[in-house]
Amino acid sequence: MTGDDCVLMSVSDFAVDERGVPRWTWRCSPPGHGPVFTHTVALGGSVKDHRFLYDPHGFVRDEHADPPTADKIVSRQGEWLRDKVLGERLWTVLANSASHGAGVVRLVLRADRPEWEIARYPLGLAADRDGPLVDRGLTFVIEPTTADVHAAVRLSPAEIRDEAALPVHLIGAFHHPGGEDTVDLRAEQRGVLTTVRDIGRDEQADITTQTLSHRLTHTELRGQLEHAGRPHRTTGLWQLILHLAAPGPLGGWVADDGKGRQPALTAETLIDMLRSADPYRILRLAVISGRPADPSQADLMAAFGVEAASPRAAAPLTPAAPATQAAPAPADGGPGNGGPAADRLAADLARLHGCAVLAFRHPIDDSAAVRILTSLYRKLLHRELPLPRALALAIAEHREAITGLDAISPVLYGAAATDLTVHKRPLTAYRRTSPKLLPSPPDRLLGHHDAMELGDAIIGPGPRCKKNGIVLHGMEGVGKSACAAELINQHADLYRRILHHPAEPWPEDPGEALEGFLDALIRCFSEIEDHYRSERGRVPSAADLVTDPRELTRFCDLLTAYLTNNRSHNHLVYLQGVGPLLNDLVDDTPAQPGRPAPDPWRHPGWHKVISALTDREAVGFRLIMTSPRPIPLKNMESVPVRLLSPREAFRYARSLPHLGGFIDRAARDPDERGLVERILHATEGHPALLGLADSAAGRGADALRRLVEDGCTATADDQRIQDRLGAWARDAIDRLAPDDGSRDLLFVLCRLSAVHRVLVTRADDPCATSLLPVVWAGVRSRPLERDDVVADLRRLLTGLREENLIHLAESPDGHRLTVRIHPAVVRAAEAAQHAGTAGQNGAPRLRDVARVAADHTEGLVREAFRNRSYGRSADLQFLIPEALPYLESVERWDLCLEFVGGLLSRAPTGHVQDEVKRLLRRISCRAGLEPAQLALAARLLATAEKTADGTGPPVPAAASLAAGAPGTPRADLRLAAVTQALYVRGLRECGHLSEARKARARSSCGI
């Protein structure tokens, strides 16, 4: 397509009046040398009336609309854009261009004037009865300039840079700033790289990729752009596609500067990096997918009770100084509020470098971004379509799955984008060798940021960590294999050979398993085969190596020598799931000088082979292993793969096909919201269990309820996963040293409620849930000072965390540690206690845990009752539910009933009310209680049921709380009287004064 086939639009006389309302004049030249015409836009009204123009997402979000209603709002505003912003004549030109297949609008804007504001207007949503322009395949290309736009000329075919049949190399820089991911960049990274690699492999095209990921710095990006060439390729001209992704400003890219700050990358800096790079490199396209987190995601998490993330302490983002002066932002957030960093990198790169740029100019859902980008690369590289056409078809392909607001988010910048076509070159015979055995990339991977960052530093490019490899360890189903597969697929182009073993489950005999691995190694390292043939005339079989220790030693020596001396070829070996090859228990005796470390392997041959791969540093070799537990190996980094955080678990659940849809529907249904909360609590951030919940969600809400009620053991598949989790947890608990207190602390943690698994390290912290130090000090065989207790707990908690038995989340100020324990670990710990493995050799008196916890929480409730007039009355809403489980466990029934009466008068809702009713049902059915206790429990249960079914406040039933059965001795009514008194007080404190007077007047006890 030439410039004559496009609609050319520009702007003049842009101004914002005193009300904040913009006005300007369109200047339009239709395709085919049509007559130039102008149209003046005068919107009128106030800036708030036109919010859709500069903030369409905020406009729709403030309407609190569900998806169907949001579509109607966008459609209605599209008609307003057509009539008021474009005008009849300009609309006709644009609609005709789309219908005739031209489909490209060149919008030339001065980047140094206020008119740049128009770059963010959602013009593609302008619509009539046949739909919006974006759905008709019309693509806007924004051309930033600082020249006189009226002197702009059309592109001629000679001016369009279109390098034909050259190799293509894609460099992806995906910056994860640390902590919890707010934007799912891994899905984008996986989708883009897999798509591009598949095109190269399937079409035998000369296409390569290179990945930088996780916590990146500007220096690392500069190093890769300046020094890293195309891996394993011959020299010559080649085409570069640069893909930059990071959470942050739209159309920008931020990364660490090494000083704790995250400044935005400027176009001048990036161009300087490219200028000093390979002179044979031609930057054809830059894709900048920087985008902030979707605010609707945070709103949805809050609706389901998922707590906000605790960000790591870090300096705020430092916006880049714009290359050109942008229009000032009005205080009311109206026109001009795009900010100097919004799309500045994209616009300046297109203007100063002259390459084509694609960037997100509006917020976009993660799944929509991934769909559009992967489809774009397929059409750009596979079908070799012009960039505007490829983008239009990518949006159309997924239009039913994305919203209209998502569809107008990707924007093209620069004159080069008008007709950019990337032609690829076939591979030479040189590159048709050395097939790689890659594991399949995971369908999804969220969280595990620390494990992926360390793995990337070891497996990825650059000498960021001098190790031979990593051991990814953690509980069954937590995501070890997914992390390994993600790392290998990210960096596949760095390695000449990749061996993934085993492709099937390991055989039961470790010797047979070793034979299979040796056979794969011999085939992978052909240089060792050549050495054997030249020296002996034959290559020993894998069976010979296993049965002959001297021959195996010889092979291992050759393997070590080759790996340590090889610097021209990179090799990667992935050993998946080595748990069956390990001894049941590892000797926990500390290594002594001159004494070899304990051998974790069931077969001695495995020790020799793994040592050959790891004992000496090998620059061109990397090993990845997944294991249920850490394996102490020289030159290998043990990397724990932990459970997902609550926010990551929610995002993972929402990404699943069935459970994600159920969550979206449950947002509008209180009952189903409660079910989702129970699912998240039962799975505790475990990806495999969330997968089970997804399968159940596909069968309906009843199947989900059964899954939760049965403890995620509703089906045979559920039970198999639970059995594997249980076996892993038992093995991990058995490995804990019996004399350092870690095992006993685990048992203590399992007996505490989840809300009390918290360590507050400051003595003056007023947190009411700091129960853990109190209990630990109370059950120890010798008394400890508070500081000693905290230090002891921190040491033991760290040890349990290293074994992956618990998950620790530290507050930004470092004064609060929150402990999470998976239900499978809790069950295994309880089984170990019942088996008599706890409390031996002077260990803490674990039977006293519930007693100490009950005493402490009772004291907190009593204190809140005493000080309710001083603002502590509201504390009872959470202090009483926290105390009830411990009071029940030590069978203090009078206190349970007394506190329940005080709680019911405060009308508890949601899961608290459900727990209270379950407790009262258990008490009512318990043998050995006094008749007055049973009668009061029944009356309290009736009161709770009336509160739940909405037949009225709990007040009317209050009068019968203290009423005894006929003939009941007055002495037995003491408990009912106390409960009645607390109930009446609660009604009074909550403002139910008339109901409190009625309850007092009708009380048979005269309270």
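Rings of Phe, Tyr and Trp (for Trp, its six-membered ring) are paired when their centres lie within 6.5 Å; planes under 30 degrees apart count as stacked, over 60 as edge-to-face and the rest as tilted.

Figure 1. Trp24 and Trp26 form an edge-to-face pair, with 5.7 Å from centre to centre and 85° between the planes. Trp24 and Trp26 are both buried, where buried means under 20% relative accessible area, exposed over 50% and partly exposed in between (1.4 Å probe, protein chains only). One aromatic cluster is formed by Phe14, Trp24, Trp26 and Tyr121.

**Notes for the legends.** The structure is a predicted model, in which local features need pLDDT of at least 70 and side-chain atom pairs count only at pLDDT 80 or more, whereas totals for chains, interfaces and linings use all residues. Residues are numbered from 1 along each chain as its sequence is written, and side-chain values use heavy atoms, with hydrogens and water left out.

**Figure 2. Strand 4 and its two partners.** Helices (H or I, at least four residues) and strands (E, at least two) are DSSP runs, numbered from the N terminus. In strand 4 (residues 104–110), seven of the seven residues are buried. Val104, Arg106, Val108 and Arg110 point one way from strand 4, while Val105, Leu107 and Leu109 point the other way. Two strands pair if DSSP finds at least two bridges between them. Strand 4 pairs with strand 1 (residues 7–16) in the parallel sense over four bridges, and Val7 stands opposite Val105. Strand 4 also runs parallel to strand 7 (residues 139–145), joined to it by seven bridges. Within strand 7, Glu143 is the bridge partner of Val108.

**Figure 3. Strand 8 and its two partners.** Which residues of strand 8 point one way, and which the other? Val168, Leu170, Gly172 and Phe174 point one way, whereas His169, Ile171, Ala173 and His175 point the other way, and all are buried. Strand 8 covers residues 168–175. Strand 8 pairs with strand 9 (residues 207–214) in the parallel sense over eight bridges; His175 has His214 as its bridge partner in strand 9. Seven bridges join strand 8 to strand 10 (residues 238–245), and these two strands run parallel. The bridge partner of Phe174 in strand 10 is Ala245.

Figure 4. A salt bridge is a side-chain nitrogen of Lys or Arg within 4 Å of a carboxyl oxygen of Asp or Glu. The whole structure contains 27 salt bridges. In one of them, the side chains of Glu486 and Arg190 meet at 3.0 Å, N to O. Glu486 lies in helix 14 and Arg190 in helix 5 (residues 185–202), so the pair ties together parts that are 296 residues apart in sequence. Glu486 and Arg190 are both buried.

Figure 5. Arg378 and Glu397 form a salt bridge, with 3.6 Å between the closest N and O atoms. Arg378 belongs to helix 10 (residues 366–382) and Glu397 to helix 11 (residues 387–397), so this pair ties together parts that are 19 residues apart in sequence. Arg378 is partly exposed because its relative accessible area is 31%, and Glu397 is partly exposed because its relative accessibility is 41%. Asp702 forms a salt bridge with Arg705, the closest N and O atoms being 3.4 Å apart. Both residues lie in helix 24 (residues 701–709), three residues apart, about one turn of the helix. Asp702 counts as exposed because its relative accessibility is 52%, whereas Arg705, at 30%, counts as partly exposed. Salt bridges that share partners also join Glu188, Arg291, Asp366 and Arg651 into one network.

**Figure 6. Confidence along the chain.** The predictor's confidence in each residue is given as pLDDT, from 0 to 100. The protein chain has a mean pLDDT of 75, and 73% of its residues reach 70 or more. Among its elements, strand 13 (residues 410–413) has the highest mean pLDDT (92) and helix 35 (residues 974–989) the lowest (54). Over residues 148–162 the pLDDT stays under 50. Where pLDDT is low, the predicted coordinates should not be read in detail.

How values were computed:
Contact = heavy atoms within 4.5 Å.
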